[in-house]
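Subject: Structure handover

Hello,

I am passing on the structure we spoke about. Please look through it alongside the notes below.

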Amino acid sequence: MKTKLSIVLITGILLAGCTSSEKLTYLNNLPDTSETQYFPMDIPDYKIQYRDILYVTVKAMTPDGSIEDMLLGRASYNQSSYIRDESSQYIIGYNVDEEGNVFLPVIGKVRVADHTIPEIREILQAETNKYFKNTFVECKFLSFKYTVLGEAMSPGTYVNYNNYLTVLEAIGRAGGVGDFGRRDRVLVVRPTKEGTKTYRINLQDKNLLSSEAYFLMPNDLVIIEPVKHKIFNMNLPTFSFILASITTTLLLINFFGSN
């Protein structure tokens with residue numbers, strides 16, 4: 001009787017620690033059909049703020065046919081590789097000051113805050129045309145950082161080098177959701193001028209594709225919550241070993257006691 005009770009107890013504990021396949025998948029409520037599904041989404045246009053860093057070049061062709069950056073002198077062909085190093089971004093980039101301006105060589109102070117990157121490029125092109133002829137202005141946003149915390153495989157702060165970033169891409173770059181993470185309860189924390197805004201999203205729900213938090217913004221924080229029985233699951237191998245030892249002991253006692 002004790003042996004059967006131990007076996008039932010072990011089986012119950014193992015089943016309690018099991019996770020269904022539905023809890024391990026993303027967007028699992030999409031219809032099982034070959035038809036194309038469309039979800040309306042509003043891709044945000046980020047407006048530059050104080051402390052952001054911009055990469056600006058003003059390129060023109062010299063009489064000898066070479067390309068020159070009018071702000072830095074002759075173009076360095078290795079500058080593109082510098083952008084991937086955070087310290088170099090700070091060196092070659094232009095910081096937005098408290099008043100929302102950047103200071104460029106020759107051109108001087110230019111207001112860029114509360115404008116999108118395409119708008120800033122047009123503003124800089126207009127300012128550049130006052131000093132140079134036949135130039136091309138290029139402007140990029142360098143300080144698109146985001147942080148993934150909680151039950152990710154590789155939590156930390158990352159830098160995005162694309163124009164847009166979805167929350168699924170961000171979590172994917174952090175190694176995905178860990179063994180003890182909840183895909184149905186993910187918190188996105190977004191700093192705004194009005195204060196900190198939060199979104200509770202479900203990675204398993206198709207409505208995520210139309211959520212305001214689907215596309216991340218610079219400085220967003222993504223927190224993956226743990227499952228309620230995380231501590232239990234972490235200790236499950238120990239529990240199983242202890243119960244298996246108890247069962248083995250009872251079996252041995254029962255065997256030798258019957259002889």
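**Arg-182 and its surroundings**

Leaving out residues up to four places away in sequence, Arg-182 touches Val-177, Ile-224, Glu-225, Pro-226, Val-227 and Lys-228; contact here means heavy atoms within 4.5 Å. Arg-182 belongs to strand E10. Its side chain makes a polar contact of 2.9 Å with the side chain of Asp-184. A polar contact is a pair of N or O atoms within 3.5 Å; within protein, one must be able to donate a hydrogen and the other to accept it, and residues adjacent in sequence count only if both atoms are side-chain atoms.

**What kind of model this is**

This is a predicted model, in which local features need pLDDT of at least 70 and side-chain atom pairs count only at pLDDT 80 or more, while totals for chains, interfaces and linings use all residues. Residues are numbered from 1 along each chain as its sequence is written, and side-chain values use heavy atoms, with hydrogens and water left out.

**Overall**

The protein has 6 helices and 12 strands. Helices (H or I, at least four residues) and strands (E, at least two) are DSSP runs, numbered from the N terminus. Of its 259 residues, 36% count as buried; buried means under 20% relative accessible area, exposed over 50%, and partly exposed in between (1.4 Å probe, protein chains only). The protein exposes about 16,100 Å², of which carbon and sulfur atoms supply 56%. These areas come from the Shrake-Rupley method with a 1.4 Å probe, and for residues only the protein chains shown count as cover. Among contacts with a separation of 6 or more, 61% are between residues 24 or more positions apart.

**The five-stranded sheet**

An open sheet of 5 strands has the order E9-E8-E12-E10-E11, with mixed pairing. Its edge strands are E9 and E11 (195-201), each of which pairs on one side only. On average, neighbouring strands of this sheet are turned by 20° against each other, direction ignored. Axes are lines fitted to C-alpha atoms, for helices over the stretch in contact, and angles run from 0 to 180 degrees between N-to-C directions.

Two strands pair if DSSP finds at least two bridges between them. E10 (residues 181-192) and E12 (residues 220-226) run antiparallel and are joined by 5 bridges, with Val-188 opposite Val-222 in E12. E8 (residues 145-150) and E9 are also antiparallel, joined by 4 bridges. There, Tyr-146 stands opposite Tyr-158 in E9, and a hairpin of 5 residues connects E8 to E9.

Asn-160 lies in the loop between E9 (156-159) and helix H5 (167-173). Is Asn-160 buried or exposed? At 1% relative accessibility, it counts as buried. Its side chain reaches the backbone oxygen of Asn-162 at 2.9 Å. Beyond neighbours within four places in sequence, Asn-160 is in contact with Phe-144, Tyr-146, Leu-165 and Arg-173.

**The core**

In soluble globular proteins, nonpolar side chains tend to be buried together. The largest nonpolar core here has 42 residues, of which Leu-54, Val-167 and Ile-201 touch the most other members. Such a core is a set of buried Ala, Val, Leu, Ile, Met, Phe, Trp, Tyr and Cys residues joined through side-chain atoms within 4.5 Å.

**E1 and E7**

Strand E1 (residues 53-61) runs antiparallel to E7, and 6 bridges join them. Leu-54 stands opposite Phe-141 in E7. On E7 (residues 136-141), Val-137, Cys-139 and Phe-141 form a covered face, whereas Phe-136, Glu-138 and Lys-140 form an uncovered one.

Asn-134 sits in the loop between helix H4 (117-128) and E7, and counts as exposed because its relative accessibility is 75%. Setting aside residues up to four places away in sequence, Asn-134 touches Lys-59 and Ala-60. Asn-134 and Lys-59 are 75 residues apart in sequence but 8.7 Å apart in space, C-alpha to C-alpha.

**Two backbone angles**

Arg-51 is not a glycine, yet its phi is positive, near 80°. Arg-51 is in the loop between helix H1 (2-16) and E1, and is exposed at 65% relative accessibility. Val-106, also not a glycine, has a positive phi of about 70°. Val-106 is in the loop between E5 (101-104) and E6 (108-111), and is exposed at 54%.

Regards
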